[in-house]
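Here is a briefing on one protein chain.

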Amino acid sequence: MLHGPKRTQRLARHQRRKMLLPEVLLWQALRKNGTGLRFRHQHPAGPYILDFFCPRFKLAVEVDGEAHGRGDRPERDAERDAWLEAQGVRVLRIPAGEILSNLEAVLRHIIDTARGDYPSTGFAGPPPPPGEE
């Protein structure tokens, strides 16, 4: 399993106490997902802190707020994703707004991605209802 140095572990512990609303809502949903999948929140991984991590399926779920599209954040996120992928971790980025507007679909997408039912190239909305594919 991925771990981080002591400094990153301390930062992760601090961040667990100050999660934003989309992170809190997603954490509550992931904890009660009823699938047996276990996630860690604010998990230290090397120099980074993952919003959510499923060790069994080596899946990192990152909640991207508005700031992730500004300045040098896209480049920093790409660098981080490349590092994680080099460690064998798939990265799934979920816009914070999607969590707030459609938590159930986001949760279903995360679980399906963890199990390998969907590609982890980003959230493209909820899957179509059965029969409408």
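The protein chain has five helices and four strands. These are DSSP runs numbered from the N terminus: helices are H or I with at least four residues, strands are E with at least two. Along the sequence the pattern reads α-α-β-β-β-α-β-α-α.

The model is predicted: local features need pLDDT of at least 70, side-chain atom pairs count only at pLDDT 80 or more, and totals for chains, interfaces and linings use all residues. Residues are numbered from 1 along each chain as its sequence is written, and side-chain values use heavy atoms, with hydrogens and water left out.

**Burial and contacts**
- Of the 133 residues, 42% count as buried. Buried means under 20% relative accessible area, exposed over 50%, and partly exposed in between (1.4 Å probe, protein chains only).
- The chain exposes about 7800 Å², and carbon and sulfur atoms supply 50% of that area. Areas come from the Shrake-Rupley method with a 1.4 Å probe; for residues, only the protein chains shown count as cover.
- Take contacts (heavy atoms within 4.5 Å) between residues at least 6 apart in sequence: 61% join residues at least 24 apart.

**Nonpolar cores**
- A nonpolar core is a set of buried Ala, Val, Leu, Ile, Met, Phe, Trp, Tyr and Cys residues joined through side-chain atoms within 4.5 Å.
- The largest core has 21 residues; L26, F39, F52, V61 and I110 touch the most other members.
- At least two residues of this core come from each of α2 (21–31), β2 (48–54), β3 (59–64), β4 (90–95), α4 (96–101) and α5 (103–115). The largest share, five residues, comes from α5.
- Apart from this core lies another, of seven residues, including A45, L50, F53 and L84.
- Leaving out residues up to four places away in sequence, F39 touches W27, L30, N33, F52, F53, C54, V61 and I110.

**Aromatic pairs**
- The whole structure holds two aromatic pairs. Rings of Phe, Tyr and Trp (its six-membered ring) pair if their centres lie within 6.5 Å; planes under 30 degrees apart count as stacked, over 60 as edge-to-face and the rest as tilted.
- W27 and F52 are stacked, at 6.1 Å centre to centre and 20° between the planes.
- W27 lies in helix α2 and F52 in strand β2, so the pair ties together parts 25 residues apart in sequence.
- W27 is buried at 14% relative accessible area; F52 is buried at 0%.

**Helix α2**
- P22, E23, L26, W27, A29 and L30 are buried in α2.
- These buried residues fall within an arc of 165° seen down the axis, so they line one face of the helix. The arc is that of the directions from the helix axis to the C-beta atoms.
- L21 and R31 are exposed on the other side of α2.
- Cover for the buried residues of α2 includes β1 (40–45), β2, β3, α4 and α5.
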